[in-house]
Amino acid sequence: MRSEAIVVGGGIAGAMTALALARRNIKTTLVDRWEPGHSRASSTDYNRVIRSIHGRDEFYTRWARESRERWLEMQAETGQRLYYECGALVLATAGHCDWEDATAETFQKLGVPFHRFSPNEIAVRFPQFDPHDISYGLYEPEAGMIMAHRAVITTIDLFKKAGGTVIRGRVETDRTERPMLEGKPLEADVIVITTGAWMGDMFPRTVKPISSVVGVNVLYTSTPDGSTAFDQENMPCWIDHGQGSFGLPSTEGSGVKAAVVIPDTIDLDQDERLIRRQTLNRTRSYIKKRLPGLVGEKVVDSKFNQIVLTPDTHFIVDRHPEHENVLLAGGCSGHLFKHGPVFGDFVAGVGVKDFGTADRFRIAGRKKLSPKESPSGR
Ligand SMILES: Cc1cc2nc3c(=O)[nH]c(=O)nc-3n(C[C@H](O)[C@H](O)[C@H](O)COP(=O)(O)OP(=O)(O)OC[C@H]3O[C@@H](n4cnc5c(N)ncnc54)[C@H](O)[C@@H]3O)c2cc1C
């Protein structure tokens, strides 16, 4: 197989990179083990939050703002509903507000619209939440949710319309970590590896040391019979760091997605993608505390997927140390989906050597950041 560019992995990182390459008139082939949009990938599920809330990190704040514009353009271009601008609310817990305070400063500096709500204001504006232990709420109105599965499929369609080719196959690596398909080395001017959580096992020497894979259980709870209070028209996405939780309102009938993040182990190829039973009780306790209007409502859907955490929660966009034409791109750290359009463009630009990567995306020299310094607040 000879293409000018090969992209391995058709999640949001690979799909967006492939589209950006094809739109530069580069003959591009995308390879995935399964059909893009499949349920083992991280880029699955109905929706993902898009917000510019990144603490003091201006780089990702700018990327998220630009991505929002790009998602809106893609929505207008394709006529597909990709984005709901329902806003995002960060609940700052008393005594642990550093990250939220830093976000407010960054927003002020960069001109990102936001409001700071007292607990009483939250109770009036968003009565779905019980804010009794909250210090304040940071609300970003120009945030919302991307319809994740639909966004991947739409990106793949655009890629094909731009002349790209999608094939099914499992790329493996030899002892030098050279990518191989069906026993033969992949040949292309640039080979972009966007295999998400699988990248560590494919590149045990280069990527594995900076990747830890975590399973995340997500449950959808029914909205109350006859009520629209928990629909995206009336409720924002939210982040509740103090409770280790985040969530999204009901959209297109999904139910309310309330995720209590209990880092779980996951075998990427062997595990059934069924949620762990104990998360049901944790989610119910969380709902009782924060979303009392949902008490007694039933879980109607669930997902079990993985994220990859790098030590500093920065993405990876770097060349393989021994194979100059192999570019490694991923390291999602739980926040890559929303940045997809800008990430794909950036990776394509690095791939064709229009510009170099950013220092933060290099593989070498990673160290753990404190939650205060971290762009994800983790
Ligand atoms: C529960 C949960 C909630 C999240 N919430 C948010 C959010 O609100 N906002 C946000 O921005 N992000 C969020 N994320 C993170 C986001 O979903 C990920 O960062 C993003 O989807 C990662 O995309 P990816 O393309 O790197 O990986 P993936 O989507 O996993 O894609 C990797 C692809 O590579 C393929 N592949 C693997 N190995 C091979 C191989 N050897 N050969 C060929 N193909 C291969 C796989 O089949 C897969 O299709 C969340 C993630 C989870 C799990």
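**View 1. The ligand lies between two domains.** Domain 1 (1-83 + 144-211 + 310-378) and domain 2 (84-143 + 212-307) both give residues to the shell around the ligand, so the ligand lies between them; the domain bounds come from an automatic or database domain assignment. Please keep in mind that this is a predicted model, in which local features need pLDDT of at least 70, side-chain atom pairs count only at pLDDT 80 or more, and totals for chains, interfaces and linings use all residues. Residues are numbered from 1 along each chain as its sequence is written.

**View 2. The shell around the ligand holds 36 residues.** Gly9, Gly11, Gly196, Cys332 and Leu336 are the closest. Elements giving two or more residues include α1 (12-22), β2 (28-32) and β14 (212-221); helices (H or I, at least four residues) and strands (E, at least two) are DSSP runs, numbered from the N terminus.

**View 3. Domain 1 meets domain 2.** Here 33 residues of domain 1 are in contact with 32 of domain 2, contact being C-beta atoms, placed from the backbone, within 7 Å. On the domain 1 side, β3, α2 (58-78) and β8 (144-147) each give two or more residues, and the largest share, five residues, is from α2. The C-alpha centres of the two domains are 25 Å apart.

**View 4. Three strands form an open sheet.** Their order is β10-β11-β12, with antiparallel pairing; strands pair if DSSP finds at least two bridges between them. β10 (171-173) and β12 (184-185) each have a single partner strand, so one side of each is left without a neighbour in the sheet. Between β11 (residues 179-181) and β12 there are two bridges, and Leu181 stands opposite Lys184 in β12.

Note on methods:
Near = placed C-beta within 6 Å. Contact = placed C-beta atoms within 7 Å.
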